Structures are given as structure tokens and as C-alpha cells.
Amino acid sequence: MISENLLINKKFYETLIGESETAHPIQILGEAYLERQKTDVPELASIRFAQGEVYFHSKDYETAVFKWENIDSELSSWANKNIADAYYELEMLSMAEEKYKSISTDDLVLRAEVALQLFSLYIEEKRFDLASKTIKDVVSFYPDYPNVSEVARAFFEEQQDWNSGIELAMSESMRTGYLHWFDVLLDYIDSGYTEDLPPDYFLPMLKSLYDADRNRFEKVVLSLWSIYRKQDTYFAWLASINSLIAEAEINQFDSWTDLSQVYQRTYLELIDGSYLIKDIQITVPQVLMNWLKLSEGQNALFAAAAVLSWSENFQGSIPDSMAHDAETVLMKSRKHPDSLRESKALFENILHWASRHELQIGEKTKWMADLLSNIQTQQILVAGTGESDKSLFVNFLSGEEITKPDSSVFTSISDSDIAQITEISPSGIIPLDELEAISLSRRQRDSVFEVKFPSEFLQSQSMGLIDTPVLNGQAGIREELLESTHAADGILFVLDASAPFTERERTILLDIKKESPYQHIHFILNRMEKIYNEQDAIRILEETTARIREYFPAASVLAWSANYQGQKQLNDLTDFLAYGFPKGNLAEERTERILYFTRKTLCDLLERRRDMENGYIDSIQWNEEMAVKLNGAINQLHDNEKEKMRILKSSYRAIKEEVKNDLTTEIPKILRKCANLLNEDSDFRRVHIDLNDAMNSKIQEFINQTVSPKFYRSLQEWISVSQEEFSQSQFYLEEMSDGFNALYGDDRIQLECDFKVLDDWRRDADRMTSGVYSDEVNILMRHTPSQLLLKGAGKLLGAIAQNKAALYTRYKKFLETMDYDDVAESIAKKYLSQFDLFEKSLDRDISLFFRYPLNVLNQAVTASHKEIKESQEALDKMRENPEVYLDPITLFEVKLRQYEWMMNAGK
């Protein structure tokens, strides 16, 4: 059988040449050809094939082709391949390609060689798509062909065809199991070339790698995790890797430190409030179970606590067997050394979440959590009733007179190089200038006053004090006291030596014990100077201690007096404090207290949500009721406006009608009386002119001296009546304002009417009645028949003396009997024209008087409708997606419960 390597390297001719031959191969093969021809059935194909090889190596490609063309033996396929190689060397690439493609054989080696030659040809012609297809074809049908996979990898990388490179590395790693190919794939993953591939694409490879090399498996998984963590396919990745880990058999001797930490980080990210529970409720249990499966040491404690916490909050999501395993791990674990920092971090995360959602958490709660974070200073709460004079003891420990005997505020006292006084109130932190400010704020029980100053004793004891208000039986103080016990590392209860441990004190202390069952409680028997002899003092101390220990077996009692300033009392106090409040487990105890405030904060947030929802409902109902009331007020105001218009216009119209009646009644009388101005000596030729002038003078005198003054007085009375009517309306509106403002709780509604309208009316009344009426009226100069006749007669007969008596009589009778009604009507109409215009403006003026109150009420209605809309939208949003608010709180509860489980490690 012919060696394939000889055919590949065109060394077949060496099999026909003896090793001892020294002649040129051409000569040797030529002689062999002649000898072979002499046989009966000469077999010349092998010699011609060999000759072609020699000519090829001698670069005589045309002769080589000639030799290979007529070979019809088993070497024919190889001969055709060699002919194509010769064309390739002659750079006759199209002919070479055609020849390569014409070769059909079952010989895998030959197929591979032909394909590789085509691959090189396509690269030379820059036909990279065909080159890629060709090399992929070789890898698929003969992947074991020497170096073919490396050639393919080099080509893919050069072309930056990363998908093909990844596919090659994937198939080769799983086919061969060679770690080299897994490393190549890891390099592609770390370079980011696999970002667009779905997570389940890698599962077969990961299964193979898990069996081959656990360390490399962990590296590849971590690299893929870091990529998918930033993508939308993250949850698909978690589902894929969780299913793989769940099925894998974990060797107890294998270490999965890095993978376990990634599971921990993933769990914390999933429950940090960024996701809704419905989005993670399937994923998290898988993460937790695999995390527990892979973890060890302190990480195992964290995982076990997380499993138990999730199982408690979402019952049935984790199998009982896994929860039992978690309990076993918890019992065998040591307490977490960094639990205080992590608990404080959880509290801070809740604060940040609340801040992002515009929810306020009390500054006092924040302050207490900060106080607990400082484990260098022990916090001792000092309490007592008014009879105990505990302020003497507190001030002694402080070294300054900080508190008063009747103090009703909580005061934190601590050592500091710089003196500082601060009020921690619900609304914020307020710096104060002096201690006197605390006394001025004695009623502010919601605040804590923090006093820092240099204190030798507190510094030496690494101690801070929380001084409580005097316990006088008020429920508010007791509730605040019970909450404050969670911020203290121990409690000193000060008793009055003359009446120690009363029933009221015992009740308070039992409440404290119920609230904080593990709290250290010890007692100071104060004012021992009241006891006159040492035997009584010893007896009282022993009896008090015995009665206290019936309820508090671990309690100690120290007799103390502010009058004794000796070193022995100070030493006794120092020893008493050191014994009663050991600092050995301070960090652990502080962790429990921070967790208490964390749980309280979560409960407050839940209550806050209920309050918000109820607040929106109340706001909607209240504003709807207010809108109804405001609309009712608007209708009433419109009615009042219309009523005032009716009253004022009616009264004004009556005045105007009275004036008109005066004019139409008196003017005719005045004109008739003008007949007395005639006598027989009058010049009847122009008497009508003189009388017309006289009549106008009389009318003007009557109007200016009688009508206008009377009209002015009537208008002033009318304005006074209008003012009274307006004042009644203003009083009514003020009562309405008070009613609405009582409902609003502030002076939001101010219904001030515009009394400037009255000033305008007064000005108009002066203008209309103060002017001089001087309009001329044509009374006797009209062209009526009677007037024409008289005028003509006067001109004709007026110069004749004997006719004057007759004319006088006739004229006088005419003047006395003439109808002046139309003249009076004309004068009245002209005089009252401006008053008619004034009457027409009354509707507008009265509307102006009420315009501002109406605007205020309409704006209030608009504001109510706006608040209704905003509250309804907020309520709908809250009810539509309650999980947006509730889910993060539930997840904070999960994490809180996890830390509480961790506190039980080893128990």
C-alpha cells in the first residue's frame, strides 16, 4: 500500500529508486520506463506518475502535467490533484480550481488535500467566503487531519470571523476534550466575542468541561456570567447555569470559592429592590439552592441563612430537604464576624430606597442607628422617676450640669474634643447654641438632644449616656422610653433611697424587660445621705437588692450619693459599671439592635403606604366635598349678586322717576307763570323771543337750584344704602371665608369685595349733579298754528297802541292755557340722559364688586378638582402596581430575616 505521506509530498518516486543509486532520478526512471516497456503487459502508470513528481520538484510543471495526464491506475486521482498543483504553481488559478473541483474520491486524505489546496487558492484570490466554506467542510468530514483545525482557527481569527471561530472551538473542545480548545474558547469569551450568543448555546460545552477540568469550568462560567449579567438574557443564563449546577455531582473536596461568591452577589442583586418578586420568584430559589450546594465556610453561613429566610417568606418555594440542610449548616457555623457592618448597610439601603421614593424616615431612628454603629463607645440609658433625682447622678457622670431635675426630653451625652449641642427632631437636625435651648424645648418629646463636650469620666469609661425624661406616668414618655432601650447597651435605673423600688417603678421596669428581654438592667440607690446611720443604709441596700432580684435576678444595686465625693465612691462606681455592662459581645448585641430598628423602619414604611393610600382617598373625598361646598357658595354669591342688583337698581330707578316726575310736573307750572311777565307795554313784535329766553332762565334756575341739589341728596342717600347692602354682603362673605378657612386649616380663602365701586359712584354723582344746566329749549319759537298766528299778530298790530290791550289779553291767555307737557318731557329726557347711562352701568359695577370673591371661589374649585385628579391618579397608580412599593419592602424583609438567622449561627 502506498504511503499517503509520499503522495502528499510528491515523494512516491523514491519507492522506485534504490538507496544505492547515484544517478539522477530522471535517468533512473527513464531507464526503468524502457525496461518496463519490454514486458508483455507493461505497467507504466507508476513510472509516469513518479516522473511527473521529479519534473514537478524540478519546476518543469508542463512536463509534469504531460506525465500525469495519461495515468489511469489507482493513482489517477492523485495525478489529477498533482496536475492542479502544477497549474497552481504556474498561477493558472482558474484551471487549477477547475481541476481540483473535478476530483471525486472516497479517500479522506486526498479530499482533505484537495480542499486545503482550494482553501489556499481562494485566499490568494481573496475569495474569503469560499475559503471559509472550504475549510469548514474539511473540519467537518476530516477533523483529525493534521493541523486542519489550527489552520481553520488561524484563518477565522485573521478574518475576525469570531462566530466561526467560536463554533470551531466549541466543537473541537467537546470532540477532543483537549483543554487547549477550552482555553481558546475562554479567550474568546473574555474578549467579548460571545456576547450575542444565547446562554443555552454553551451548555453542552460546559457539561464536557465540568467532567474534564473543574477549575477551567469555574473560569468559563464566571466569564460567561460577567457577560450575561449586563444583558437582557441574564435570566436565561441563570436558568441555564442553575439547571447545570443542579444536575452536577459536587465533590466535597472541590473548592468553588469564586463561583460561590458570584452566586452570593447575584442573590443580593436580585433582591436589592430592582426587580419585582414575580420576575425573580422562580430564579431566586434555584440560585439559593445552588449557592448552598457550592458554598463553604462563612459563605455557607450566608447561603444557609438566605435559604431559610426565603423559605420562610415564600413557603413551598424551596424543598424541605434543602431547608433542613440549611439549618444543619447554620448550626455548624460560627457567627458572621462582619454582621454589624452588613446590618448597618442593609439599614442604609432601606434609607436610600425610601429617599428615592420620597418617603421620610425619622431623623431620630437614623440617629439611633448611627449611634449603634460606633462600637468604641458604650451607651448606657439612665432612667428614673421624679422622686429619684437622677439628674444629680447624670450630671456627676458627665462632669457638667447638663440635665435638670424636671427634664422632659431625651438627651444624649458623650465625650468630644469640641463642644456641640444638636437637636435631632422629626423635621431634621438643628444646631443649638447653648444648653438653655434644651430647657426651652422641654415639651418636644419627639426630639433627642445630643450634647457633646470634653468629659473626663465618660472618656475614661468609653461611655455615652442617654438621659430620659422624668417618668411621671405619661404614656407618651413611656413609649419613647421603651423604644430608646433598643439604642442602649445597658440600663441604669435610679431609685430614691428613702422609697426604693416602688410599685410604679417596678411596673415600668417590667415593661422594659418585656420590650428588651436581654437588656442589662442595674440600679443606683440615690440620695443615700437621707439615711442617717450606716446600719439603716446597709439594711435598705440589702432589702432593696433582694426585692429587685425577685424580678431581675442578674441585677446589681449600687448605693450612691452626690454628697460623697471621695475616691472610693468613684472607684466603686467604675467597678460597678465595668461588671454590670461588659463589652465582650458589644458588636453582636449592636447588630441585634440595628436589626430591631431595621424591622421597625420596614413596619413604618408599610404603615406609611397604608397612610398614603388612605391619605389619597381622604383627599379625594375631602376635595369632592369641598368642591360641592364651593360650588354652593358660588351659587349663593351669584344669587346675592342678583339680589343686590335688583335692590339697588330698583331704588335708583325710583329716585330717577321721582326726579322725572318733579320735572314734568313743575316745569309746566313754571312756564304758565311766565304769563305774569307780560303787560300791555310789552313789545309784542318780539315778545315771543323775550318770553322764550325768560322761560329758559326759569327752567335753568329750577333745575340748578332745586332739582339737581335734591337729586344729589337722593343719590348720596342711595349710595349710603348701597354701601350698607354691600357691607352686608361683605360680612356674609367674611363668615363664608372663616368657614372655609376652618375646613382648610389656613387662611386660604379671602373674599374681599371691591368697595372702590362706591367711590366711583360718588364721583359720578358729583359729576352728574354738580354741573350747571344751561341747555336752551325752544318753547315759543316753534311752528305751531297758534304760535304762528300770535307771532304774526304781534308783528302786525304790536306797534298800534290801541291793539296792545287785546294782544296782551290774548297772549296771556295763550301762555296760561298752552300745553307744556311735551316741553317738560323733552327737558326731563335730556336732563336724565346721563343718569340713564349710569343706570345701565349698574349691572357691570355690581358685578365688579363681587368679581374678586367669585374668582377666588372658582380658583378654589379648580384647585380642588386638580387635587382630586392628582390624588386619583396617584391612587390608581398605587393600586395598579402595588408591587412596585410592596415588593422591595418584602425583599428587604427577606434580607433582614437572613441576618437574623445568621445571628443564630451555632445555636
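**Close-up 1. Helix α29 gives the largest share of the lining of the largest pocket, 6 residues.** In this predicted model, the largest pocket has a volume of about 550 Å³. Of the 17 residues that line the largest pocket, those closest to its centre are Y518, E588, E589, E592 and R593. Two elements, α29 (586-673) and α36 (883-903), each give two or more residues to this lining. Sorted by class, the lining is made up of 7 charged, 5 polar and 5 nonpolar residues.

**Close-up 2. R593 forms a salt bridge with D489.** The closest N and O atoms of D489 and R593 are 3.1 Å apart, and both residues are buried. The pair links distant parts of the chain, since D489 lies in the loop between α25 (475-484) and β7 (490-496), while R593 belongs to helix α29, 104 residues away.

**Close-up 3. K10 and D85 meet through their side chains in a salt bridge.** The N to O distance in this pair is 2.7 Å, and the bridge is one of 55 salt bridges in the structure. K10 sits in the loop between α1 (4-8) and α2 (25-37), whereas D85 sits in helix α5 (residues 76-89), so that the bridge links distant parts of the chain, 75 residues apart. K10 counts as buried because its relative accessibility, 6%, is under 20%. D85, with a relative accessible area of 4%, is buried as well.

**Close-up 4. Helix α31 (residues 756-770) has one face lined by its buried residues.** The helix has 15 residues and reaches 21 Å from its first C-alpha to its last, close to the 21 Å expected at 1.5 Å a residue. Its buried residues are V757, L758, W761, D764, A765, M768 and T769. Seen down the axis of α31, these residues fall within an arc of 120°, and they therefore line one face of the helix. The face turned away from this buried side carries the exposed residues K756, R767 and S770.

**Close-up 5. Within helix α31, the side chains of D764 and R767 meet in a salt bridge.** The N to O distance is 3.6 Å, and the two residues are 3 residues apart, about one turn of the helix. D764 is one of the buried residues of α31, whereas R767 is exposed.

Note on methods. Residues are numbered from 1 along each chain as its sequence is written. This is a predicted model: local features need pLDDT of at least 70, side-chain atom pairs count only at pLDDT 80 or more; totals for chains, interfaces and linings use all residues. Side-chain values use heavy atoms; hydrogens and water are left out. Helices (H or I, at least four residues) and strands (E, at least two) are DSSP runs, numbered from the N terminus. The expected span of a helix is 1.5 Å times one less than its number of residues. Buried means under 20% relative accessible area, exposed over 50%, partly exposed in between (1.4 Å probe, protein chains only). The arc is that of the directions from the helix axis to the C-beta atoms. On a 1 Å grid over the protein atoms alone, a cavity is a set of points where a 1.4 Å probe fits but cannot get out, and a pocket is an open set with protein on both sides within 12 Å along at least five of seven lines; lining residues have an atom within 4 Å of a point. Grid points are joined across faces, edges and corners, and a volume is the space filled by probe spheres set on the points. Ala, Val, Leu, Ile, Met, Phe, Trp, Tyr, Cys and Pro count as nonpolar, Asp, Glu, Lys and Arg as charged, and the others, Gly among them, as polar. A salt bridge is a side-chain nitrogen of Lys or Arg within 4 Å of a carboxyl oxygen of Asp or Glu.
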